Amino acid sequence: MDYRIYPPEEIIETRVDLPLSKSISNRALIINALTEGASPLAEVAQCDDTDAMVSALASGADTINIGAAGTAMRFLTAYFAATGAADGAAVVTLDGSERMRERPIGALVDALRACGASIDYVGREGYPPLRITRKRLLGGEISVPASISSQYVSALLMVAPCMERGLTLHLEGEIMSLPYIRMTLAMMGARGARAEFDERAGVVAVAPGSYSASCGLPVEADWSAAAFWYEIVALSGGWVTLAGGLKRDSLQGDAAAADLFGRLGVTTSWDEVEDGDAELSGNPDADARLDMDMRHIPDMAQAVVVTCAMLGTPFSISGLDSLRIKETDRLEALRIELLKLGVAVEIHSDILRGLTMGWDGSRRPITEAPQFDTYRDHRMAMALAPVALYIPGITVRDAGVVAKSYPGYWEGLAAAGFTIEEV
């Protein structure tokens, strides 16, 4: 399904109901599954990623395919490795899409094996699919690289209370996406887990025990989804009210969108009557420059980079190594797609740089409306769609990929006045 997109005829002024956070939902689902006597969760995000998690946890089958749901692959690897088979097959083969088979998981498997897990690779060493023998793990004291993916760390932490000795985890190297680790620990603590995190030393100690069936933290609205509306406001100079329960003091690292896009001319005002409503207004700063480290909020990179490219804002963003092992190599995907806009960006290790080094505000000429590829990546689709505000009639290919995290994205754009035609 490909969409051709035209901008609103009038300045944008709309209200958006945001989806629930899939990051919080997936953690809540795993913790709930590890909790004896817990009732089903009342409300979680409705998207492909959480659907994959819910289906896998309820399956009981000996072969489970989670498709393109990377979080589910990491969290379920730890879940099945650290739990007995009372609720399903004793040996589970966990598989995914073709891209999932290219996404490394060796560091997590090695860490689980060090805790006593029995996990075998069905195909290529270090990559899914995995054959997992379900049992209770011993736990103990181990080390894990923290510079690859915080999801490895979160996966280990959530199952740690179920280990006989608990778990002391040494995080080696620079910690990526630290707010997601803090989110995991906060959600564990709300369910009665006992954990201590020495961030300076990079050591997390989780005591053995069990989760409480009492209510945990509520599932918030999704700040990662909100980032794309910040992009739209930055590019349009319009007004958008984000509804659905956003938290200013959120567990989500992507709540940094308010401050980050503030540097690009978007003002966030909080409605004191409607709790959780954020009102965005745009006034782009023509003299802005963006030089920052995004290692803790890498999922916002695409929205930020496309915004800067369209505004003509020079940028240099570091800490993006983890983008290479997402749904696609997001650094390379951004480089290729921005070239279709006449904007050249440079990739240096974990740094993405554009519109710098004497850039004079000009772009290479565009002779026709670009047709953007999305690489089976929901965030590529959502980041590129607002380009229609500057170039009417762009095409976003494989537009249905947004269902991975935000199924209602296109309906939200239509309600804001965008014209969306299937081609």
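1. G245 sits in the loop that runs between β11 (239-243) and α8 (257-262). The model is predicted, so read every value here as computed from it. With a relative accessibility of 24%, G245 counts as partly exposed. Beyond its neighbours within four places in sequence, G245 is in contact with E220, A221 and G276. S212 is another matter: G245 and S212 are 33 residues apart in sequence, and their C-alpha atoms are 25 Å apart in space.

2. A255 lies in the loop between β11 and α8 as well. Is A255 buried or exposed? A255 is buried, since its relative accessible area is 17% and the cut-off for buried is under 20%. Residues up to four places away aside, A255 touches W223 and S250. A255 and A226 are 29 residues apart in sequence, with 8.7 Å between their C-alpha atoms.

3. Helix α7 (residues 223-236) holds E231. This glutamate deserves a look. E231 has a relative accessible area of 0% and is buried. Which residues is E231 in contact with, leaving aside neighbours within four places in sequence? They are F261, A303, V306, T307, M382, A383 and P386. E231 and V387 are 156 residues apart in sequence, yet 9.7 Å apart in space, C-alpha to C-alpha.

4. Helix α9 spans residues 301-311 and is mostly covered. How many of its 11 residues are buried? The count is 10. After α9 comes G312, with a positive phi near 75°.

5. T184 belongs to helix α6 (residues 178-190). Its relative accessibility is 0%, so T184 counts as buried. Apart from neighbours within four places in sequence, T184 is in contact with R27, S154, L157 and M158.

6. Backbone geometry next. Most residues other than glycine have a negative phi, and most peptide bonds are trans. The bond from P128 to P129 is cis, with omega near 5°. P129 is placed in the loop between β5 (118-121) and β6 (130-133).

7. Two further backbone entries concern Y375 and R376. Phi of Y375 is near 60°, positive in a residue other than glycine. Phi of R376 is likewise positive, near 60°, and R376 is not glycine either. Y375 is in the loop between β18 (371-372) and α11 (378-384). R376 lies in the loop between β18 and α11. How exposed is each? Y375 counts as partly exposed, at 27% relative accessibility. R376 is exposed, with a relative accessible area of 57%.

8. Overall fold. The chain has 12 helices and 20 strands. Its radius of gyration is 22 Å, close to the 22 Å from the globule rule for 423 residues, so the chain is as compact as a globular protein of that length. Along the principal axes, the C-alpha atoms fill a box of roughly 60 × 50 × 45 Å.

9. Surface and charge. Of the 423 residues, 57% count as buried. The chain exposes about 16,600 Å², and carbon and sulfur atoms supply 45% of that area. There are 36 positive and 57 negative side chains. The centres of these two sets lie 7 Å apart.

10. Confidence. The chain averages a pLDDT of 91. Of the residues, 96% score at least 70. Where does pLDDT stay under 50? That stretch is residues 357-362. For residues 357-362 the model has 1 contact beyond four places in sequence.

Notes. Residues are numbered from 1 along each chain as its sequence is written. This is a predicted model: local features need pLDDT of at least 70, side-chain atom pairs count only at pLDDT 80 or more; totals for chains, interfaces and linings use all residues. Side-chain values use heavy atoms; hydrogens and water are left out. Helices (H or I, at least four residues) and strands (E, at least two) are DSSP runs, numbered from the N terminus. The radius of gyration is taken over C-alpha atoms; the globule rule is 2.2 Å times the number of residues to the power 0.38. Buried means under 20% relative accessible area, exposed over 50%, partly exposed in between (1.4 Å probe, protein chains only). Accessible areas come from the Shrake-Rupley method with a 1.4 Å probe; for residues, only the protein chains shown count as cover. Lys and Arg count as positive and Asp and Glu as negative; His and the chain ends are not counted. The place of a charge is taken as NZ of Lys, CZ of Arg, CG of Asp or CD of Glu. pLDDT is the predictor's confidence in each residue, from 0 to 100. Contact means heavy atoms within 4.5 Å.
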